Amino acid sequence: MQKIIAANFKANHTQTSTKKYLQELDNRLLNMPLSKNSHRVYVFPQVANLCANDFTSLKIGTQNAYPAYNGAFTGEITLEALEEFGITTILIGHSERRNILNETQAFCAEKFAFFAQKGFEIIYCVGEDLSVRQKGGQKEDLEALKDFIQTQFEGIDTGYEKLIIAYEPIWAIGTGITATIEQIRQTHQAIKSIAPAPLLYGGSVNAENSSQILSLKEVDGVLVGRASLDVESFYQIIQNSYKENK
Ligand code: PGA
């Protein structure tokens with residue numbers, strides 16, 4: 001199956017460095033001696049660095065947008081601006097927006113409904129913090145974990161045809177700690193029983209650990225933060241996805 005490899009730049013890179021990165025990655029992918037059908041690549045630059053979505057081998061998506069066509073929403077980006085760039089992919093529910101920007105489940109659901117209605121591809125993020133993961137003590141309580149993740153699907157149409165889910169345990173994001181292969185496998189199985197969409201893993205994925213993670217049949221791709229900032233390292237992860245896919 002085609003693997004999905006996505007780069008989440010968060011609040012990193014400038015307009016100049018983003019442009020250079022995108023051109024270089026697009027060129028490398030074009031010249032890659034691989035089957036074009038082996039992977040789908042997305043890059044999510046920070047909003048100020050969005051640009052026309054007209055690359056050949058990758059798609060640009062937005063890390064965020066307000067659920068409106070335009071209007072009085074100071075500091076936000078809306079559909080009208082995205083349309084001009086030809087952007088039709090959005091990240092919703094990332095833990096940094098839920099926790100740092102205090103986005104509620106109801107607001108995530110409102111955004112989801114708006115952008116689904118506009119036909120966007122939605123990468124919808126879910127994931128638990130350490131207190132949920134450790135609830136069962138030494139023996140992890142998978143049922144409690146599943147119940148928690150289920151709450152992050154409240155108000156979300158899990159049958160939406162352009163839905164991609166990203167499982168990102170909060171304790172593994174930007175910490176250098178990756179979930180173990182068994183934790184990823186079990187949690188992905190649990191999430192797949194809730195929603196039938198392609199499912200990415202995210203949380204300290206890098207060029208070294210991505211091959212093993214991508215080799216799991218429960219993993220349809222990866223969402224990469226820190227290790228995507230360097231074009232060489234992200235390209236390596238894409239190459240690893242191809243190896244795993246052969
Ligand atoms: P990380 O971030 O790869 O730096 O852990 C992943 C994400 O938050 O999408």
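**Reading the cavity, the pockets and the ligand site**

Q: How many nonpolar, polar and charged residues are in the lining of the largest cavity?

A: Sort them by class: Ala, Val, Leu, Ile, Met, Phe, Trp, Tyr, Cys and Pro are nonpolar, Asp, Glu, Lys and Arg charged, and the others, Gly among them, polar. Here the lining of the largest cavity has six nonpolar residues, one polar and one charged. This is a predicted model, where local features need pLDDT of at least 70 and side-chain atom pairs pLDDT 80 or more, while totals for chains, interfaces and linings use all residues. Residues are numbered from 1 along each chain, and side-chain values use heavy atoms, without hydrogens or water.

Q: Which residues line the largest cavity?

A: On a 1 Å grid over the protein atoms alone, a cavity is where a 1.4 Å probe fits but cannot get out, a pocket is an open set with protein on both sides within 12 Å along at least five of seven lines, and lining residues have an atom within 4 Å of a point. In this model, Leu 142, Leu 145, Lys 146, Ile 149, Thr 187, Ala 190, Ile 191 and Ile 194 line the largest cavity. About 30 Å³ of space lies in it.

Q: How much space lies in the largest pocket?

A: A volume is the space filled by probe spheres set on the points, which are joined across faces, edges and corners. For the largest pocket that gives about 350 Å³. Its lining has 16 residues, and Lys 10, Gln 63, Asn 64, Arg 97 and Leu 101 are the closest to its centre. By class, six are nonpolar, six polar and four charged.

Q: And what about the second largest pocket?

A: About 290 Å³ of space lies there. Gly 174, Ser 204, Gly 225, Arg 226 and Ala 227 are the closest to its centre, out of 22 lining residues. The lining counts seven nonpolar, 11 polar and four charged residues.

Q: Which pocket does the ligand take?

A: The ligand takes the space of the second largest pocket (more than half of its atoms lie within 2 Å of the grid points). Around the ligand are 13 residues (a heavy atom within 4 Å), and the closest are Lys 10, His 94, Glu 168, Gly 174 and Ser 204. Four of the shell residues are nonpolar, six polar and three charged.
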